[in-house]
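Please read it alongside the model.

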Amino acid sequence: MPATDNAPAVADRIDLRAARLPLVGLLIIACGFTAIGLVMLIAEPGGKPIVAPGSFKQFIAFVAVGFFGLCIPVLLREVLRWGPVVSVSRQGLFDRRLSTDWIPWSAISGLDVFTLYRQRFLRIAVLPDRDAALPWTRRARRIARLNGMYGEGYWLSGQGVAGGIDAVLAAIEQVWHED
């Protein structure tokens, strides 16, 4: 990662790496469901298709191939991600999945942990007047609008981070308690 003007020195930050094994497991599952869907659509043992054309089972097979097929490149990108996924420093927070640069603590109005469908997230509330100038990705901004029904802000997921959300919280606590 090239250094930017507002990036802290490496010694002043805590870097959290990717949790590769769970991501590889999800990638294998996505490949398996895609392959099963393709077999259901293509294979014709004994000259007869496995699923009848126009049936609900054929629709489910198409959905499986489409959904899990689209998951494969996303998961592959996360598995092959080089370097830290999340970095925490006295200057701010940098989740490379959500932003392209550091989000300063001065722009963050609140942090809270919440659970949605047994998965924990760190909700990052930012000051409305600073939000437009922050380096969020387009994807993060779109998802933040969609997540509005569960509470405003950007969501940092522990999935894909070594140690999960607990490691992110511990890093934030360590940085805040160093003063």
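The report covers the model's basis, sheets, cores, salt bridges and cysteines.

## Basis of the model

This is a predicted model: local features need pLDDT of at least 70, side-chain atom pairs count only at pLDDT 80 or more, and totals for chains, interfaces and linings use all residues. Residues are numbered from 1 along each chain as its sequence is written, and side-chain values use heavy atoms, with hydrogens and water left out.

Helices (H or I, at least four residues) and strands (E, at least two) are DSSP runs, numbered from the N terminus.

Four strands form an open sheet in the order 1-2-3-4, with antiparallel pairing. Strand 1 and strand 4 (103-104) are at the edges; each has a single partner strand, so one side of each has no neighbour in the sheet. Two strands count as paired if DSSP finds at least two bridges between them.

Strand 2 and strand 3 (residues 92-95) are joined by three bridges in the antiparallel sense. Opposite S87 stands F94 in strand 3. Helix 5 lies across strand 1 and strand 2, and runs at about 175° to strand 1. Axes are lines fitted to C-alpha atoms, for helices over the stretch in contact; angles run from 0 to 180 degrees between N-to-C directions. Contact means heavy atoms within 4.5 Å.

An open sheet of three strands has the order 5-6-7, and its pairing is antiparallel. Strand 5 and strand 7 are the edge strands, each pairing on one side only. On average, neighbouring strands of this sheet are turned by 30° against each other, direction ignored. Strands of a sheet pair through backbone hydrogen bonds, either parallel or antiparallel.

Four bridges pair strand 6 with strand 7 in the antiparallel sense. I124 has Y154 in strand 7 as its bridge partner. Helix 5 also lies across strand 5, strand 6 and strand 7, here at about 40° to strand 6.

In a regular strand the side chains alternate between the two faces of the sheet. Strand 7 is covered on both faces: Y154 and L156 are buried on one side, W155 and S157 on the other. Buried means under 20% relative accessible area, exposed over 50%, and partly exposed in between (1.4 Å probe, protein chains only).

## Nonpolar cores

A nonpolar core is a set of buried Ala, Val, Leu, Ile, Met, Phe, Trp, Tyr and Cys residues joined through side-chain atoms within 4.5 Å. The largest has 28 residues; L16, V86, V88, W136 and L156 touch the most other members. Two or more residues come from each of strand 1 (13-16), strand 2 (86-89), strand 6 (119-126), helix 4 (138-146), strand 7 (154-157) and helix 5 (164-176). Helix 5 gives the largest share of this core, six residues.

Which residues does W136 contact, leaving aside neighbours within four places in sequence? They are L98, S99, I103, V126, D131, R141 and Y154. Another core, of five residues, lies apart; L23, L27, L75 and V79 are among them.

## Salt bridges

Side chains of opposite charge can pair when their charged atoms come close. The structure has seven salt bridges, each a side-chain nitrogen of Lys or Arg within 4 Å of a carboxyl oxygen of Asp or Glu.

D112 and R123 form one, with the closest N and O atoms 3.1 Å apart. D112 is in strand 5 (residues 108-116) and R123 in strand 6, so the pair ties together parts 11 residues apart in sequence. D112 is partly exposed at 33% relative accessible area, while R123 is buried at 14%.

R141 and D131 meet in another (3.7 Å, N to O). This pair links helix 4 and helix 3 (residues 128-131), 10 residues apart. R141 is partly exposed at 22% relative accessibility.

A network of salt bridges links R77, E78 and R81. E78 is buried at 14% relative accessibility, whereas R77 is partly exposed at 46%.

## Cysteines

How many disulfides are there? The count is zero, with a disulfide defined as a pair of cysteine sulfur atoms within 2.5 Å. The sulfur of C31 is 10 Å from the closest cysteine sulfur, in C71, and so too far for a bond. C31 is partly exposed at 35% relative accessibility. C71 is also partly exposed, with a relative accessible area of 21%.
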